[in-house]
Amino acid sequence: QLQLVESGGGRVQPGGSLTLSCAASSATLDYYRVGWFRQAPGKEREGVSCKSSSGGHTNYTDSVNGRFTISRSDGSNIVYLQMSNLKPEDTAVYYCAAALSSFYTRFSCSLVPAEYGDWGRGTQVTVSS
């Protein structure tokens, strides 16, 4: 089973920026679709962004589109989530997740939590003045 460890969370003022990192226990994430998810108190876990194993496809939930960027270099075992213009409603525990891709899924990714089997423990992001 893949081990994932998130880092980079913290407290930031509205309008500020943070970059989250997720390091995998594998040598590379090239064969995995990866995703970032978040869960605020009292709310369900929601998909924030994902990236296909091919690297060519990314997806974002509407509320973060244009403000967040997911990235992963070929051959790397780290995936990043760059977050800018943060808003109080972005406050949540952020999780990274991974799922081994198949021949048929290597060009796509999903924002549905149930489609991912490997999860990190999360990192808290708090946006507050």
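1. Let's start with burial. Of the 129 residues in the protein chain, 45% count as buried (buried means under 20% relative accessible area, exposed over 50%, and partly exposed in between, using a 1.4 Å probe and protein chains only). Keep in mind that this is a predicted model, where local features need pLDDT of at least 70 and side-chain atom pairs count only at pLDDT 80 or more, while totals for chains, interfaces and linings use all residues. Residues are numbered from 1 along each chain as its sequence is written, and side-chain values use heavy atoms, with hydrogens and water left out.

2. Now the secondary structure. The protein chain has zero helices and 11 strands (both are DSSP runs numbered from the N terminus: helices are H or I with at least four residues, strands are E with at least two). The radius of gyration is 14 Å, close to the 14 Å that the globule rule gives for 129 residues, so the chain is as compact as a globular protein of that length. Here the radius is taken over C-alpha atoms, and the rule is 2.2 Å times the number of residues to the power 0.38. Along its principal axes, the C-alpha trace spans about 45 × 25 × 25 Å.

3. What about contacts? Take those with a separation of 6 or more: residues 24 or more positions apart account for 64% of them (contact means heavy atoms within 4.5 Å).

4. The protein chain exposes about 6,500 Å², and carbon and sulfur atoms supply 47% of that (areas come from the Shrake-Rupley method with a 1.4 Å probe; for residues, only the protein chains shown count as cover).

5. How many salt bridges does a search of the whole structure find? It finds five (a salt bridge is a side-chain nitrogen of Lys or Arg within 4 Å of a carboxyl oxygen of Asp or Glu). In general, side chains of opposite charge can pair when their charged atoms come close.

6. One of these pairs is Glu115 with Arg33, whose closest N and O atoms are 3.3 Å apart. The two sit in distant parts of the chain, 82 residues apart: Glu115 is in the loop between strand 9 (92-100) and strand 10 (118-119), and Arg33 is in strand 4 (residues 32-39). Glu115 counts as partly exposed because its relative accessibility is 42%, whereas Arg33, at 8%, counts as buried.

7. Have a look at Arg38, Glu46, Arg67 and Asp90 too, as they are linked in a network of salt bridges. Glu46 and Arg38 meet at 2.6 Å, N to O. Glu46 is partly exposed, with a relative accessible area of 30%, while Arg38 is buried at 6%. Arg67 pairs with Asp90, with the closest N and O atoms 2.8 Å apart. That pair also links distant parts of the chain, 23 residues apart: Arg67 lies in the loop between strand 6 and strand 7, Asp90 in the loop between strand 8 (78-83) and strand 9. Both Arg67 and Asp90 are buried.

8. You'll find Asn85 in the loop between strand 8 and strand 9, and its relative accessible area of 41% makes it partly exposed.

9. Finally, is Asp62 buried or exposed? Asp62 counts as exposed because its relative accessibility is 70%. Its place is in the loop between strand 6 (58-60) and strand 7 (68-71). Asp62 and Arg11 are 51 residues apart in sequence and 23 Å apart in space, C-alpha to C-alpha.
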